[in-house]
Amino acid sequence: MLPSQALLPAVVFALAALQALASNTFLAAVYEHAVILPDPTDQPVSPSDALALMNKNMDVLEGAIKEAARQGAHIIVTPEDGIYGWRFTRESIYPYLEDIPDPVVNWIPCTDPSRFGPAPVQERLSCMARNNSIYVVANIGDKKPCDSSDPSCPRDGRYQYNTDVVFDTQGKLVARYHKYNLFRGETQFNYPKEPEAVTFETPFGKFGIFTCFDILFYEPAVVLVSKMQVDTVLFPTAWMNVLPFLTAIEFHSAWAMGMRVNLLSANTHNTSTAMTGSGLFTPEGPAAYHYDSATEEGHLLLAELSTHPRLSPTYPPAINWSSYATSIKKFPGENNTFSGAVRRDIFTFSELRHKDGNYTVCQGDLCCHLVYQMSNKSKDEVYVLGAFDGLHGSLIKYHWQICSLLKCPSTNLSTCGQAVETAKTKFEMFSLSGTFGTSYVFPEVLYSGVQLAPGEFEVLHDGRLKSKHGTSKPLVTVTLFGRLYEKD
């Protein structure tokens with residue numbers, strides 16, 4: 001017979017499971033963590049020093065986990081690199097890694113910590129989940145020995161993986177995911193031999209998980225949603241904001257709407273590297289989000305989300321993203337175009353010279369159409385309609401089709417496409433569409449001060465991104481991001 005104290009977590013979990021099953025919603029949390037970083041070094045520190053640094057970060061994460069659980073959250077996501085940071089070589093990261101087994105082993109590190117060798121980080125994360133009766137998602141490093149007979153085995157005899165782990169309310173390891181699309185500079189890690197489509201079931205829906213750069217690629221991101229039919233994606237990330245388009249909250253919210261799935265995005269917080277922007281995003285838009293480039297503090301977000309969004313009465317219908325744009329003649333204005341760079345990508349732009357109008361801009365196979373009316377156009381502000389159809393990226397190239405109404409940093413047209421965060425001009429209305437060659441299109445509107453516009457725009461069945469009642473704040477960008485994965 002188990003002692004009453006041992007039964008308590010099981011009782012709490014059973015009650016929580018029954019409550020979640022009886023409800024069409026669950027309470028989710030993400031924590032944007034200001035990571036305590038190690039001192040830069042090419043030489044490995046001692047295991048005890050590595051653990052001391054990781055414990056400092058886990059002290060902070062534990063506080064967020066306890067607070068989320070106190071408020072009733074069923075699950076919390078913490079960021080990529082949230083436990084040890086990112087200043088590493090392949091050799092210097094080794095003391096921070098642990099052997100993370102396949103979850104099929106049915107392991108609770110909190111109650112059996114030495115089963116797979118030293119695993120103090122997994123033990124502590126497991127106990128955080130178990131002691132607070134909450135699913136905990138974290139990002140750590142996995143190490144796996146390999147044999148010299150394996151032709152891809154590194155010279156040091158081990159694989160090292162950027163790894164997400166999930167512990168359930170009992171502290172059991174229920175998911176392990178090895179990041180497949182490594183960002184440039186992640187030379188401390190190996191690529192997995194094959195992409196992983198990791199899912200797990202909970203009393204409050206089916207979950208999938210991937211990490212940061214993965215969101216831009218077919219595997220695993222699209223596979224999890226389109227083929228595995230997950231309800232919610234867990235997304236630890238260390239996202240460096242790149243205006244005017246690839247800001248964390250902007251693209252992650254757009255992706256959730258375009259893929260019509262919940263996305264729990266937890267970003268690291270580091271203003272010196274432009275890392276901020278976390279959120280609880282849904283098919284209808286952001287339920288909660290946070291963007292703070294001014295302070296060095298972490299932030300906890302909670303929101304109630306649909307357990308099975310596809311069954312929700314508010315679930316948006318599938319969109320034919322090119323229906324409207326391919327059915328109309330080109331609007332005037334396509335001849336008054338010029339080229340401008342968004343980072344290394346060369347867009348075709350057309351200046352919006354009047355307070356209202358209809359414009360078309362084309363590049364490659366993509367034509368972007370815009371109808372608009374400004375309400376208070378500032379004389380010192382210039383807006384353009386832009387189109388891009390091509391490969392983006394330096395080392396790893398992937399194909400975008402982008403239609404965007406965006407503000408330029410100055411009245412000098414050569415600055416169009418450069419980063420801009422603020423604006424003064426509001427719009428009475430806008431309608432943006434494009435002749436996209438893909439069904440994977442992600443819509444979003446960004447206001448001055450890097451703010452989203454939840455509930456203030458809609459996407460019609462024929463692919464038009466429209467304002468509902470004008471813009472309540474000055475406008476920075478209106479964008480449709482299309483991804484042609486087959487052209488990567």
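A: The largest pocket has a lining of 38 residues, and those nearest its centre are Phe183, Arg184, Phe213, Met240 and Val242. A pocket here is an open set of points on a 1 Å grid over the protein atoms alone, with protein on both sides within 12 Å along at least five of seven lines, and a lining residue has an atom within 4 Å of a point. The model is a predicted one, in which local features need pLDDT of at least 70 and side-chain atom pairs count only at pLDDT 80 or more, whereas totals for chains, interfaces and linings use all residues. Residues are numbered from 1 along each chain as its sequence is written, and side-chain values use heavy atoms, with hydrogens and water left out.

The space in the largest pocket comes to about 880 Å³, a volume being the space filled by probe spheres set on grid points that are joined across faces, edges and corners. By class, its lining holds 23 nonpolar, six polar and nine charged residues. In this division Ala, Val, Leu, Ile, Met, Phe, Trp, Tyr, Cys and Pro count as nonpolar, Asp, Glu, Lys and Arg as charged, and the others, Gly among them, as polar. Strand S14 (345-351) and strand S18 (398-407) each give at least two residues to the lining, and the largest share, three residues, is supplied by S18. Strands (E, at least two residues) and helices (H or I, at least four) are DSSP runs numbered from the N terminus.

An unreviewed UniProt entry lists Glu80, Lys179 and Cys212 under "active site"; such annotations may be inferred rather than shown by experiment. These residues span 133 residues in sequence, yet no two of their C-alpha atoms are more than 10.4 Å apart, so they gather at one spot. Glu80, Lys179 and Cys212 are included in the lining of the largest pocket.

Glu80 sits in the loop between strand S2 (75-77) and helix H3 (120-132). Its relative accessible area is 2%, so Glu80 is buried (under 20%, with exposed meaning over 50% and partly exposed in between, for a 1.4 Å probe and protein chains only). Not counting residues up to four places away in sequence, the residues that Glu80 touches include Asn139, Asn162, Lys179, Glu186, Cys212 and Thr268, where contact means heavy atoms within 4.5 Å. The side chains of Glu80 and Asn162 are joined by a polar contact of 2.9 Å. A polar contact is a pair of N or O atoms within 3.5 Å; within protein, one must be able to donate a hydrogen and the other to accept it, and residues adjacent in sequence count only if both atoms are side-chain atoms.

Lys179 lies in the loop between strand S5 (173-178) and strand S6 (199-202). With a relative accessible area of 1%, Lys179 is buried. A polar contact of 2.9 Å links the side chain of Lys179 to that of Glu80. Among the other residues that Lys179 touches, not counting those up to four places away in sequence, are Asn162, Glu186, Cys212 and Phe213.

Note on methods. On a 1 Å grid over the protein atoms alone, a cavity is a set of points where a 1.4 Å probe fits but cannot get out, and a pocket is an open set with protein on both sides within 12 Å along at least five of seven lines; lining residues have an atom within 4 Å of a point.
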